[in-house]
Amino acid sequence: MKKDGNFIIINKTKGKLPSLPFLNMKNYVLGEDYSLSLVIVGKKKIRDLNKKYRGIDSSTDILSFPLEKKLGEIFICQDIAREKAPLFEREYNNFLSYLFIHGLVHLLGYDHGIKMEEVEIVNRKHFQI
């Protein structure tokens, strides 16, 4: 577990999380006053969450949960992210950053679509993702 102000990273897997500017990305997209938990989980846990909250009985790479106006959680499955990175023609670390930005933009209230993609592009460019 790594905590820095309003941001905490909890790794529930045996895998090591790459050193990426998660805090800087969180602060840039959501602001410093937003409290966020990033939880790294395995395939079974992400599947259970996906089934419980979205009604989809399969594993996924990322889930975002806005809990309050300035409070949220993001769950990422590193194994699935590692598998999907080549499909997006990205290296694993780059794809993990890409996913994190995607989750942050969901926490801003955007749903998949052109406007969300535009907001993601601005944020990804800032971090050269």
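Biologist: Which elements each supply at least two residues of the lining of the largest pocket?

Modeller: This is a predicted model, in which local features need pLDDT of at least 70 and side-chain atom pairs count only at pLDDT 80 or more, while totals for chains, interfaces and linings use all residues. Residues are numbered from 1 along each chain as its sequence is written, and side-chain values use heavy atoms, with hydrogens and water left out. Helices (H or I, at least four residues) and strands (E, at least two) are DSSP runs, numbered from the N terminus. The elements that each give at least two lining residues are helix 2 (43-54), strand 4, helix 4 and helix 5.

Biologist: What is the volume of the largest pocket, and which residues are the closest to its centre?

Modeller: On a 1 Å grid over the protein atoms alone, a pocket is an open set of points where a 1.4 Å probe fits, with protein on both sides within 12 Å along at least five of seven lines; lining residues have an atom within 4 Å of a point. Grid points are joined across faces, edges and corners, and the volume is the space filled by probe spheres set on the points. The largest pocket has a volume of about 490 Å³. Of its 21 lining residues, the closest to the centre are Arg54, Ile62, His102, His106 and His112.

Biologist: Is His102 buried or exposed?

Modeller: His102 is placed in helix 4, and it touches Ile62, His112, Met116 and Glu120, not counting residues up to four places away in sequence. Contact means heavy atoms within 4.5 Å. Buried means under 20% relative accessible area, exposed over 50%, and partly exposed in between (1.4 Å probe, protein chains only). Because its relative accessibility is 17%, His102 counts as buried.

Biologist: Why is helix 4 described as largely enclosed by the rest of the structure?

Modeller: Helix 4 (residues 92-107) has 16 residues and reaches 23 Å from its first C-alpha to its last, close to the 22 Å expected at 1.5 Å a residue. That expected span is 1.5 Å times one less than the number of residues. Helix 4 is largely enclosed because, of its 16 residues, the number buried is 13.

Biologist: In which sense do strand 4 and strand 5 pair?

Modeller: Two strands pair if DSSP finds at least two bridges between them. Strand 4 (residues 62-68) and strand 5 form a hairpin with two residues between them, and Ser64 stands opposite Ile74 in strand 5. Over six bridges, the sense of their pairing is antiparallel.

Biologist: Which residue of strand 3 stands opposite Phe7?

Modeller: Strand 2 and strand 3 pair in the parallel sense over five bridges. Six of the seven residues of strand 3 are buried, so this strand is largely enclosed by the rest of the structure. The residue opposite Phe7 is Leu36.
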